[in-house]
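The sequence and the structure are shown first.

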Amino acid sequence: MEDQLIQVLANTQQAAEGLRIQAELDLKRAQTNPAFPLSLANIGRHTSVSVEIRQAALFTLRRFIESHWSGENDDGPTIPIADDVKDQIRPLVLDLALNFEGERKIKTAARYDVCCLPTLSCS
């Protein structure tokens with residue numbers, strides 16, 4: 001799934017409106033896959049992927065977590081995130097935010113993700 005998401009994230013950044021709109025729809029559809037949030041976290045860690053795509057993955061992960069972590073929002077039930085996936089995401093994002101030796105932009109994006117994880121604090 002990661003390779004497909006990398007391409008979709010790249011397409012969301014294209015100037016061509018048709019390609020960008022299709023990519024946004026593909027990204028919305030991909031959210032229903034249980035592997036979606038973990039795949040985004042893993043993309044954020046891939047040093048072989050461009051910084052822009054990694055940032056997009058972490059931004060998308062943050063939005064997804066904000067909307068779906070609890071299983072409900074103002075609009076009702078959301079796409080559930082399995083507890084075992086949550087348990088895998090927490091240390092990955094935390095490691096990116098605190099220990100990652102790579103690009104500063106990625107570390108910063110991961111810090112925003114840490115702040116939206118309900119069991120972690122930004123203080």
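The sections below take the salt bridges in turn.

## Overview

The model is predicted. It holds three salt bridges. They pair Asp26 with Arg29, Arg45 with Asp95, and Asp87 with Arg90.

## Asp26 and Arg29 in helix 2

In the salt bridge between Asp26 and Arg29, the closest N and O atoms are 2.8 Å apart. Both residues belong to helix 2 (residues 17-30), where a spacing of three residues separates them by about one helical turn.

Asp26 has a relative accessibility of 27% and counts as partly exposed. Arg29, at 52%, counts as exposed, because the cut-off for that class is over 50%.

## Arg45 and Asp95 between helices

Arg45 and Asp95 form a salt bridge with their closest N and O atoms 3.1 Å apart. Arg45 lies in helix 3 (residues 36-45) and Asp95 in helix 5 (residues 83-98), so this pair ties together parts that are 50 residues apart in sequence.

Arg45 is partly exposed, with a relative accessibility of 31%. Asp95 is also partly exposed, its value being 26%.

## Asp87 and Arg90 in helix 5

Helix 5 also contains Asp87 and Arg90, three residues apart, which is about one turn of the helix. These residues form a salt bridge, and the closest N and O atoms are 2.8 Å apart.

Arg90 has a relative accessible area of 19% and is buried, since buried means under 20%.

Technical notes. Residues numbered from 1 in each chain as written. Predicted model: local features only at pLDDT ≥ 70, side-chain atom pairs only at ≥ 80, totals over all residues. Heavy atoms only, no water. Salt bridge = Lys/Arg side-chain N within 4 Å of Asp/Glu carboxyl O. Helix = DSSP H or I, 4+ residues; strand = E, 2+ residues; numbered from the N terminus. Buried < 20%, exposed > 50% of the residue type's maximum accessible area, 1.4 Å probe, protein only.
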